[in-house]
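Let's take a quick tour of this chain. Have the sequence and the 3D view open, and we'll go from the core to the sheet.

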Amino acid sequence: MSDEIIQQMTSKMDKTIEALKKDFSQVRSGKANPAMIEDVKAEYYGTPTALNQLGNITAPEPRMLVFSPYDKGAIKEVERAIQSSGLGLTPTNDGVVIRIILPELTGERRKELAKVVKTKSEEKKVAIRNIRRDANDDLKKDSEGKSQDEMKVVQDKIQKTTDSYIAKIDELAKDKEKEILTV
């Protein structure tokens, strides 16, 4: 049963790491990345729909994103959604595709983005610690018939796993900060 608890915990922690990677992909660095806008939602026949479902997003140049809609009728709504997304992007629409030229990042903006990375990584560390707490609670519920030594071994395993995931988060955050702050 304790192996099952650790497997469930590891699975949840893996999902947390994937969520962090997705969050980081949406934080702008020096280069254009289609993931920056793929989750922006535009009204499409009355339903908020993610841009990655409404067309192709490409980065043909380091500082340009191009959105090619599957349905040309949605282009105005997509343009409006990108403008109001809070990402600070200004799309231009030629009737066929939407081009987004990313402005050069200022030193001040880079520092702000680095703070966003720190905040997101701290949120995920809290999530990892909550998963650890839940695993320890599950272990205590399942402790009938187990010696203190067996319990201690499993608790140590839970802690070591938690520490390794916290280290992964730190490494991802360090890499993303370096990517943002490198001119």
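A nonpolar core here is a set of buried Ala, Val, Leu, Ile, Met, Phe, Trp, Tyr and Cys residues joined through side-chain atoms within 4.5 Å. Keep in mind that this is a predicted model.

The largest nonpolar core has 23 residues, and M9, M13, V117, I128, L139 and I158 touch the most other members. Helix 1 (2–26), helix 4 (107–141) and helix 5 (148–181) each supply at least two residues of this core. Helix 5 gives the most, with 8 residues. In general, nonpolar side chains tend to be buried together in soluble globular proteins.

In what order do the 4 strands of the open sheet come? They run 3-4-6-5, with antiparallel pairing. Strand 3 and strand 5 (91–93) sit at the edges with a single partner strand each, so one side of each has no neighbour in the sheet. On average, neighbouring strands are turned by 25° against each other, direction ignored.

Strand 3 (residues 55–61) and strand 4 (residues 64–69) pair over 5 bridges, and a hairpin of 2 residues joins them. Here I57 stands opposite F67. Strand 4 also pairs with strand 6 (residues 98–101), over 4 bridges, where L65 has I100 as its bridge partner.

## A helix across the strands

Helix 3 (residues 75–83) lies across strand 4, strand 5 and strand 6, and runs at about 165° to strand 5.

Notes
Residues numbered from 1 in each chain as written. Predicted model: local features only at pLDDT ≥ 70, side-chain atom pairs only at ≥ 80, totals over all residues. Heavy atoms only, no water. Buried < 20%, exposed > 50% of the residue type's maximum accessible area, 1.4 Å probe, protein only. Pairing = 2+ DSSP bridges. Axes fitted to C-alpha atoms, helices over the stretch in contact; angles between N-to-C directions. Contact = heavy atoms within 4.5 Å.
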